[in-house]
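Open the model in a viewer and keep the selection panel at hand.

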Amino acid sequence: MSKSAVPFYRRRQFSNAVGKLIIYTFLLSGAFLAFFPFAWMISTAFKIPEQVLALPIRWIPDPITWSNFAAAWRRFDFARYFLNTMFISTTVTVLSVTICSMAGYAFAKRRFWGRDTIFNLLLATLTIPGAVLMAPLFLVILKFGWINQFIGIIVPFCVSVANIFIMRQYISTIPTELDEAARIDGASDLGIWWHIILPLSKPAMATVAIFSFVGAWDGFLWPLIVLKDKEMWTLNVALGLLQTEYIAAEGSPWGVMMAGSVLVVLPLIGVFLTLQRYFMSGLTIGAVKG
Amino acid sequence: MHSSYLHRGAHALSREVRYNYWSYLFVLPALVILGMFLVYPALYAFRMSFYDWQVLGESKFVGLENYQRFFEMPNVSLAVQNTLYYTALNVPGTLFVALFVALLLNAEIRARAWFRVLFYLPVISSDVAVSLLWKWIYWAGERGILNNLIGILGIPPQDWLGDPKLAMPAIVLLTIWKGIGGNVLIFLAGLQSIPPELYEAATIDGAGLWARFRHVTWPLLRPVTLIVLLLLTISSLQVFTPVFVMTGGGPANQTLTIAFYIYNLAFNNGLYGFAAAVSYLLFAAILGITVIQRRYFGDVVY
């Protein structure tokens, strides 16, 4: 249990090799368990229908088929849902990074009346559970006439206090001399934010971008509530609602369903792997004050 | 007197705004959106909870009736029990596995970044997609992959999501799998802030592995552990998507959770006022937990 509580490189006499072997054994089995469901998803997605439920279970499909992806793409109206989801997630991400970095900059670097009070009030809203918003926020969105429109999914969810917090924490580590020097050189307030703060806060921006994109892409409850028409659905809503239909109709459409799942998860993993270097350092600063 | 004070305050504020308007412009978009779509609806829900709320027709004030109903409706207590059961399994499960993985990753090892990424993959994967995937893993009969695997060990196939006793633990297993990665990162950050000198001193004093964990790591990690505990508890009390996708609240309502119940009340039965009342009781519970946590375990370190 506590094997690793001690940095092994400090334990001079003890046999490092045995300890390391134990650690790697645990880590590799953990990594295997973390990845195993994905492997099953990918394996199923490439199987022909007759083999999906065949015994004994085959991990490597033979033949390997792309027909599930083609079927998901056509029958699922996948292209439309993909574009809907991409549009919503990208817009949310751009708005979120812009708005949260502006607010984070003001809270970190500028002195203005009410700053700390406002910031503490924002932190207090973190205790509001999402479930409380279900009925009333739906009615607000209804009042705005945003039911069945993308804007009803974008605007209410493009700002989060957690993301403002991450930006503020990161920006406050940027030396104040930099923006003061720029001010003396005649830079405008907007110019300082754009030319000094933004380029220096890339890790925090990447973190906020990942959180926003993943959050919007993963969103299920609100798209389910707001987007009523089939043409407006996101991938998740389509996947979540059509699955029961398909299971009832065909018994086991799992090849197609897993192909759909692969297509839903793939862009997320792509975004994550592209930005993860920044993300890890940005997250650490947001998570724990060192 | 009072009005002149207000007047002076307003004057100072207007001067402040005039000299410092960029600061306000920078925070304004965030405040407007959070105000309209977070704070206002949260307060609005409180008002709704005292009404028989109608979307189109006239809403009727009913006083505490919605709250009374909470204690009378048979499914409510079931939803509360199920949610507590879920929380009691999910929180310690995720916390201890995440801590264990973080301790392993904190050792001097190769490819740490790769392991971190691998453990984080379930976190960023879509809830709906992985719920569907696990529904498939739990497929009943010997053709399901999990049943096939336990068959190797000689355990007969189970109807994981169809058995009232197994359905909730099955959902918990999915959410632990999905929740580990994020908490590992928080724990890792905490572990890396513990000064190595402490371990050296403990080693010189003859402390073994367990003693060092027990007397150095665990106490110094406490603030981080408490954040993880709090965040996990709050999110567990609101579990929705896996239930919606995997069981729809069944079998025999054994996976009906509070969030799923509120969703049904509002959007399938049109009982918006009652839904608001239930959600406020949940809010109260979460606030209570936060306050207790703060009072007895010290401040949250953000």
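This is a predicted model: local features need pLDDT of at least 70, side-chain atom pairs count only at pLDDT 80 or more; totals for chains, interfaces and linings use all residues.

Residues are numbered from 1 along each chain as its sequence is written, while chains are lettered from A and ligands numbered from 1 in the order in which they are written.

**Chain B**

Select chain B and colour it by secondary structure: there are 13 helices and 2 strands (DSSP runs numbered from the N terminus, H or I of at least four residues for helices, E of at least two for strands). With a radius of gyration of 25 Å, well over the 19 Å that the globule rule gives for 302 residues, chain B is more spread out than a compact globule (the radius is taken over C-alpha atoms, and the rule is 2.2 Å times the number of residues to the power 0.38). The C-alpha trace of chain B spans about 75 × 55 × 35 Å along its principal axes.

Next, select residues 1-40 of chain B as domain 1 and 66-297 as domain 2 (bounds come from an automatic or database domain assignment). Their C-alpha centres lie 41 Å apart.

**Between the chains**

Show both chains. The contact takes 87 residues from chain A and 89 residues from chain B (C-beta atoms, placed from the backbone, within 7 Å). On the chain A side, helix α14 (residues 254-287) gives the largest share, 14 residues. That side divides into 67 nonpolar, 14 polar and 6 charged residues (Ala, Val, Leu, Ile, Met, Phe, Trp, Tyr, Cys and Pro are nonpolar, Asp, Glu, Lys and Arg charged, and the others, Gly among them, polar).

**Domains of chain A**

**A helix pair in chain A**

Finally, select α9 (residues 176-184) and α10 (residues 189-200) of chain A, whose axes are 10 Å apart at an angle of about 140° (lines fitted to C-alpha atoms over the stretch in contact, with angles from 0 to 180 degrees between N-to-C directions). Show side chains: A:L178, A:D179, A:A182 and A:R183 in α9(A) meet A:I192, A:I196 and A:I197 in α10(A). The residues of this contact comprise 5 nonpolar, no polar and 2 charged.

Methods
Two residues are in contact if their C-beta atoms, placed from the backbone, lie within 7 Å.
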